[in-house]
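Hello,

Here is the structure I promised to send over. Have a look at it first, and then read on for what turned up.

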There are 2 protein chains.
Amino acid sequence: MKSFQGKRHTEAEYINGILEGDRTILSKAITLAESNLAEDNALSERIINALLHHTGNSLRIGITGVPGVGKSSFIEVFGKQLTAAGKKIAILTIDPSSQKTKGSILGDKTRMEELSKDPLAYIRPTASGEKLGGIHSRTREAMLLCEAAGFEIIIIETVGVGQSETSVKNLVDFFLLLMLAGAGDELQGIKKGIIEMADAIAITKADGDNISKSEIARKEFSNALHLFPVSENGWVPKVVTCSSLEKKGIAEIITLIDDYVVKMKSNGFFNQNRKQQNVAWMKDTILYSLQSAFYNNTKIKSVLETTIQEVEAGNKEALLAAKELLAAFYKNKS
Amino acid sequence: MKSFQGKRHTEAEYINGILEGDRTILSKAITLAESNLAEDNALSERIINALLHHTGNSLRIGITGVPGVGKSSFIEVFGKQLTAAGKKIAILTIDPSSQKTKGSILGDKTRMEELSKDPLAYIRPTASGEKLGGIHSRTREAMLLCEAAGFEIIIIETVGVGQSETSVKNLVDFFLLLMLAGAGDELQGIKKGIIEMADAIAITKADGDNISKSEIARKEFSNALHLFPVSENGWVPKVVTCSSLEKKGIAEIITLIDDYVVKMKSNGFFNQNRKQQNVAWMKDTILYSLQSAFYNNTKIKSVLETTIQEVEAGNKEALLAAKELLAAFYKNKS
């Protein structure tokens with residue numbers, strides 16, 4: 001295999017390198033997708049589009065939970081069980097760079113020590129790029145590139161406190177929420193609406209003195225989820241307990257996900273969901289781009305803060321303010 | 001009072017009429033706000049902006065629930081208790097014109113017979129205008145006009161199955177979800193995420209044979225809501241039972257809402273929420289307008305379906321498709 005370090009590769013070199021499973025090339029291609037340079041993006045798009053028919057063959061799993069829930073330990077044990085079964089897995093951690101929480105400030109190699117040395121595992125942080133309440137993450141592109149590189153399971157990890165989760169729900173086949181027993185302070189940080197998005201909830205740290213508390217939490221959440229509206233796919237979210245420390249309950253989660261996939265493939269929802277996600281991603285990208293053009297417009301930037309203050313203070317009606325800003329935008333577009 | 005019927009009024013006539021509490025003028029002003037004609041909208045905006053300092057003094061309550069939950073009967077009894085206490089109330093029903101459910105196809109006067117004859121109550125349906133997943137409702141404007149006309153409590157009713165609820169949550173001070181006992185088929189229609197949005201859940205039809213079932217449901221939901229993330233306003237959603245038939249539990253709901261308002265006013269969240277809602281409405285209006293310009297563009301209309309099919313089929317990557325559509329949009333704008 002050629003060494004491409006230190007120079008820009010050709011489109012063909014990226015494509016072939018990724019198809020051969022070259023991790024250095026894969027990492028560089030993800031960096032390219034994340035780049036803010038137009039020429040990098042254009043190249044990245046051509047690469048991804050050329051690889052498109054080699055994507056979509058993995059199982060995409062979203063894992064979320066607030067800092068302290070034990071995500072890294074969980075993914076470490078979960079991932080090791082998958083690689084032990086011979087699976088090639090990629091772990092994309094969404095780095096909430098601009099968020100309050102410092103959940104993934106620690107290097108991912110420190111966080112998942114065993115996995116980071118595992119030849120079957122590939123760990124890559126991606127920037128969350130949350131702004132304007134829209135999606136500007138390149139996680140989807142990173143995921144597709146990993147699929148083309150032959151990874152069979154893609155794990156997308158988020159911290160459960162921001163906008164990322166809605167985006168991630170639109171990326172994955174299965175969405176796992178990690179929770180701690182004791183619905184107290186631990187819950188404060190989690191974003192409203194996430195519980196209703198979960199396909200399964202795993203109560204973590206169900207070991208030692210925590211076992212009975214975890215079992216109570218499991219029953220409570222299980223009862224609660226039965227009160228929720230049933231998904232159109234017919235799946236009733238499951239609640240389980242697990243211990244990363246004692247490696248308990250992890251195999252059961254893998255079985256549960258397998259069961260989900262079998263059911264969703266047989267009722268047609270698996271593919272239907274993927275199709276809907278593709279279109280949703282296109283529309284979200286359009287939405288983000290339109291908003292971005294608006295809010296980055298020089299004229300809008302110069303009047304937005306004052307307008308927001310007037311609207312907040314009740315001195316200008318929201319609808320009128322919106323119309324005035326839109327008029328200013330259309331008049332002052334480059 | 002002058003009779004304005006049959007002709008277009010001047011701005012001053014609208015403004016004065018509304019401030020005098022003239023319902024004919026109020027109704028015409030709401031129609032003006034809902035109009036698709038630019039000149040009507042411009043007049044409506046001037047009217048609302050002139051009245052702005054007479055708005056914001058009501059308590060705004062959102063009430064939602066699927067068809068069959070007994071919304072009309074509930075609002076009838078709930079509203080009558082409010083008018084009996086001397087309160088002037090306006091009920092804005094969001095008509096899901098383009099939705100599957102036919103929940104409010106029945107005339108509102110038939111649905112709320114007593115209230116519709118009550119001099120202290122004003123009932124008005126407004127179109128939901130749900131398209132592109134955005135907000136195009138004029139419910140906010142209708143609400144502001146009602147406030148300027150002196151209504152002290154504004155009830156906004158939706159059917160709990162569409163996008164409206166997120167919008168309504170952004171309009172109201174208090175969000176009440178009506179539910180039936182028995183988490184079976186009745187729940188199927190409700191939109192995911194609504195339960196986590198509710199400030200209170202009322203289990204309806206808690207009478208006769210249904211009493212014990214309702215009490216069980218109340219306990220279940222109450223337990224479930226305690227597992228949810230706590231709102232930043234510190235309010236833990238309450239679950240109660242009620243019977244419109246026997247007029248039971250309704251006064252308790254009024255007390256509960258009063259309690260909420262006192263707490264939210266004392267912790268500052270009431271005003272903070274209103275301010276955030278104003279800005280959110282402005283931003284949502286901008287978003288809707290930007291999207292609308294895009295999706296109504298002739299060029300986009302001519303290629304969108306084909307592009308969606310390619311993306312769905314996995315023949316074109318979502319990001320690339322979005323970029324191509326955006327390029328076509330910017331190239332072919334009027």
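Where does Lys247(B) lie in chain B? You will find Lys247(B) in the loop that runs between strand 7 (238-241) and helix 12 (250-266) of that chain. Before going further, please keep in mind that this is a predicted model.

Lys247(B) is worth a look for its backbone. Its phi is positive, at about 55 degrees, although the residue is not a glycine. For background, most residues other than glycine have a negative phi. As for its surroundings, Lys247(B) has 14 C-beta neighbours inside 10 Å; a residue is called buried at 20 or more and exposed at 12 or fewer, so Lys247(B) counts as partly exposed.

Chain A has its own Lys247. Lys247(A) sits in the loop between strand 7 (238-241) and helix 12 (250-266) of chain A. Phi of Lys247(A) is also positive, near 55 degrees, in a residue other than glycine. With 14 other C-beta atoms within 10 Å, Lys247(A) is partly exposed.

Now to how the chains are arranged. Chain B is superposed on chain A by a rotation of 180 degrees, with 0.0 Å of shift along the axis and an RMSD of 0.0 Å. The two copies are therefore related as by a two-fold rotation axis. Both copies use the same surface, since 100% of the contact residues of chain B recur in chain A.

How values were computed:
Residues numbered from 1 in each chain as written. Chains lettered and ligands numbered in written order. Predicted model: local features only at pLDDT ≥ 70, side-chain atom pairs only at ≥ 80, totals over all residues. Least-squares fit on C-alpha atoms with pLDDT ≥ 70 in both. Contact = placed C-beta atoms within 7 Å. Helix = DSSP H or I, 4+ residues; strand = E, 2+ residues; numbered from the N terminus.
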